[in-house]
Amino acid sequence: MAEQAQFTPLKNDLLLRAARGEKVERVPVWVMRQAGRYLPEYHEAKGSKDFFECCRNAEVASTITLQPIERFTGLIDAAIIFSDILVIPQAMGMECIMLDKKGPHFPNPLRSPDDQQYKDIMARDVDVKKELDYVYEAITVTRRKLEGRVPLIGFCGAPWTLLCYMIEGGGSKIFKEVKTWIFKYGDAAKEMLQKIAELCVEYLALQVVAGAQLVQIFDSWAGELSPSSFKQFALPYLVYICDNLPNRLRELKQEVVPMTVFAKGAWYALEDLCKTNYNVIGLDWLHDPAQAYEIAQKYGKTLQGNADPGVLYGSRESITAVVEEMTAGFGGGKQGWIANLGHGITPFVNPDDLKFYFEEIHRCTSR
Ligand code: CP3
């Protein structure tokens with residue numbers, strides 16, 4: 001990936017224009033985790049391969065990325081590269097495997113700042129260009145296969161969320177280990193968060209070089225923090241990323257792409273996030289659209305979200321009601337809104353119900 005690849009010009013740039021706050025003729029829509037387990041074709045493409053093996057195979061990863069674009073032709077306004085947030089801890093030298101039906105698992109999580117493992121990781125110079133080369137390749141191959149149909153989103157995990165996984169070793173209910181860190185070894189936690197933030201900037205910049213046209217930072221565990229802890233352990237590192245990525249892109253002679261932050265559960269931080277340099281603030285379904293929209297409009301920010309993904313288990317009437325209410329809340333969809341769900345689509349959703357959700361967004365927001 002020495003030189004920047006040339007790609008077909010975009011035919012649908014609604015997402016990028018909405019992200020920049022421009023008026024759009026229709027609200028763009030996509031959903032988090034749109035390439036995944038609810039799609040039968042995902043299981044077919046994955047076969048018996050391991051999850052991370054699929055991420056490392058550009059042909060498979062690009063095929064899976066394109067599946068929702070092909071199934072929902074004309075209804076969906078973005079692709080998001082098939083990968084995972086946990087590739088950064090892997091690049092840092094930590095082993096992480098995906099257990100079937102259980103999710104990610106780190107056999108040797110970080111235990112304490114006195115451990116050699118913590119010292120080794122802090123001392124290591126991580127080469128995200130080399131270690132995550134397969135992601136950039138998957139992005140470039142996907143951009144080619146997209147042929148300008150819709151923009152391609154690149155992403156990474158936020159430092160706080162990645163630290164949670166690196167310390168907890170997987171998902172958690174009570175976050176005992178990472179809470180021990182922030183309340184006992186706060187300085188060591190912050191050093192690691194800073195290191196991760198720097199890697200995120202370089203990783204996202206290289207995704208843009210490879211062809212990503214917007215980037216999203218997932219802070220999926222933000223809601224485990226109190227407002228005060230969020231200000232100490234999450235926000236500064238989210239800010240570091242949005243303040244440094246544009247500079248890094250200019251150094252690499254790249255266009256500065258729009259940036260989205262999704263801090264799940266951190267409803268109290270909406271105004272703080274609006275004050276950052278992110279273009280788009282992702283919302284989960286704990287937000288009232290009208291209230292959030294009023295705040296975001298003051299700062300000229302675009303919002304993304306936010307239906308409860310659970311509505312897709314419900315009736316068509318419920319989907320319609322949720323879409324209508326959401327559209328009205330987000331100012332009727334003229335400006336400053338990218339439609340999505342409030343979190344990733346869940347397994348067992350019938351893809352036809354997602355299709356109906358997309359159709360309802362189109363019906364309610366076209367002019
Ligand atoms: O379509 C897309 O959105 C792109 C692909 C994508 C995946 N993971 C694929 C995936 C994205 C953007 C992610 C991000 C991700 N990964 C997040 C942030 C988003 C969020 O949900 O909050 C997080 C927390 C992870 C970590 C992770 N990866 C978990 C907790 C799990 C297991 C639980 C689950 O929801 O599946 C994964 C596995 C994973 N990542 C799958 C997919 C399609 C399922 C793997 C499988 O069983 O086949």
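Helix α17 runs over residues 351–365, and its end C-alpha atoms are 21 Å apart, which agrees with the 21 Å that 15 residues should span at 1.5 Å a residue. That expected span is 1.5 Å times one less than the number of residues, and helices here are DSSP runs (H or I, at least four residues), as strands are (E, at least two), numbered from the N terminus. This is a predicted model: local features need pLDDT of at least 70, side-chain atom pairs count only at pLDDT 80 or more, and totals for chains, interfaces and linings use all residues. Residues are numbered from 1 along each chain as its sequence is written.

- Leu 354, Tyr 357, Phe 358, Glu 360, Ile 361 and Thr 365 are the buried residues of α17 (buried means 20 or more other C-beta atoms within 10 Å of a residue's own, exposed 12 or fewer, with C-beta atoms placed from the backbone).
- They lie on the same side of α17, because they cover an arc of only 160° around the axis, taken from the directions from the helix axis to the C-beta atoms.
- These buried residues pack against α16 (316–329) and β9 (337–341), where contact means C-beta atoms, placed from the backbone, within 7 Å.
- Exposed Asp 352 and Arg 363 sit on the face turned away from the buried side of α17.

**Pro 227**
- Helix α12 (residues 227–233) includes Pro 227.
- Pro 227 counts as exposed because it has 12 C-beta neighbours inside 10 Å.

Technical notes
Two residues are in contact if their C-beta atoms, placed from the backbone, lie within 7 Å.
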